[in-house]
Amino acid sequence: MNRFILRQLVIGVLCGLLGGCGPPQVNRAEPQDAKVYAAFFAESARPQAETLFVAESTLVLDALGAREPDPEHSQMLGLLKREGISTELASSLSQASAQKRLTRGLRLPAPAHVLSAVELKGISPADPREYWNEFYRRYPRARGYQAFSPIGYSTSGWEALFYHEYYCGGLCGAGNVVWVARDSNGHWKVRKTINLWIA
């Protein structure tokens, strides 16, 4: 057998076993995405920097809890339903965020500095407790960094759901599901923010 073909077969098998090779796929964002994210930033209690500092990959959230063996995550759908979110909307988020994609494919409403995994792992001070001091030394205009899932929409197109995390220090950060809906004039407004974790 040709050595090149054999090599490609070995690489293909290894990639399959390891869950895929190469960079995450680019997300082809929906036209309303920028407006949904903008509604979130307009109502966010956290002060925003002129430039968003964001992780290079989007977040994955199994809002139905179907793929998660962790009992805490398997209760996700129940939690969202108790907050008034429909199974349809939760399912839409699960489908939209089923795999990691490149954050640059999202329609974020502000200029973004994408922080690669290499950049973030490259911050390695001698004392790990100094990580965030070194982060802010390297990125003095940042207020931490954020990550987003793609947006899931209801069939009607009047409700949207996404997952958002921010990291700003050793004991500073949170992960929230953000429920956004159109008002009577068709403008997007945050209906509810559901906290999943906080540091």
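**Charge over a ring.** I looked up Arg 182 and found its charged end over the ring of Trp 158, 5.5 Å from the ring centre. The test I used: NZ of Lys or CZ of Arg within 6 Å of the ring centre and within 35 degrees of the ring normal.

**Ground rules.** The model is predicted, so I kept local features at pLDDT of at least 70 and side-chain atom pairs at pLDDT 80 or more, while totals for chains, interfaces and linings use all residues. Numbering runs from 1 along each chain as its sequence is written, and side-chain values use heavy atoms, without hydrogens and water.

**Aromatic pairs.** I searched the whole structure and got 17 aromatic pairs. Rings of Phe, Tyr and Trp (its six-membered ring) pair with centres within 6.5 Å; planes under 30 degrees apart are stacked, over 60 edge-to-face, the rest tilted. Tyr 37 and Phe 162 are edge-to-face, at 5.1 Å centre to centre and 65° between the planes. This pair links distant parts of the chain: Tyr 37 is in helix H2 and Phe 162 in strand E7, 125 residues apart. Helices (H or I, at least four residues) and strands (E, at least two) are DSSP runs, numbered from the N terminus. Tyr 37 is buried at 0% relative accessible area. Phe 162 is buried at 0% too. Buried means under 20% relative accessible area, exposed over 50%, partly exposed in between (1.4 Å probe, protein chains only).

I then checked Trp 132 and Tyr 136. Their centres are 5.8 Å apart and their planes at 40°, so the pair is tilted. Both lie in helix H7, 4 residues apart, about one turn. Trp 132 is buried at 15%, but Tyr 136 is partly exposed at 27%. Ring pairs join both to a cluster that includes Phe 53, Phe 135, Tyr 145 and Trp 197.

**Cores.** The largest nonpolar core has 27 residues, with Leu 80, Phe 135 and Tyr 145 making the most contacts inside it. Such a core is a set of buried Ala, Val, Leu, Ile, Met, Phe, Trp, Tyr and Cys residues joined through side-chain atoms within 4.5 Å. Apart from it lies another core of 18 residues, among them Val 54, Phe 162, Val 178 and Trp 188.

**Disulfide.** I found 1 disulfide in the structure. It joins Cys 168 to Cys 172, S to S 1.7 Å; the cut-off is two cysteine sulfur atoms within 2.5 Å. The link is left-handed, with -80° about the S-S bond. Cys 168 is buried at 11%, whereas Cys 172 is partly exposed at 29%.
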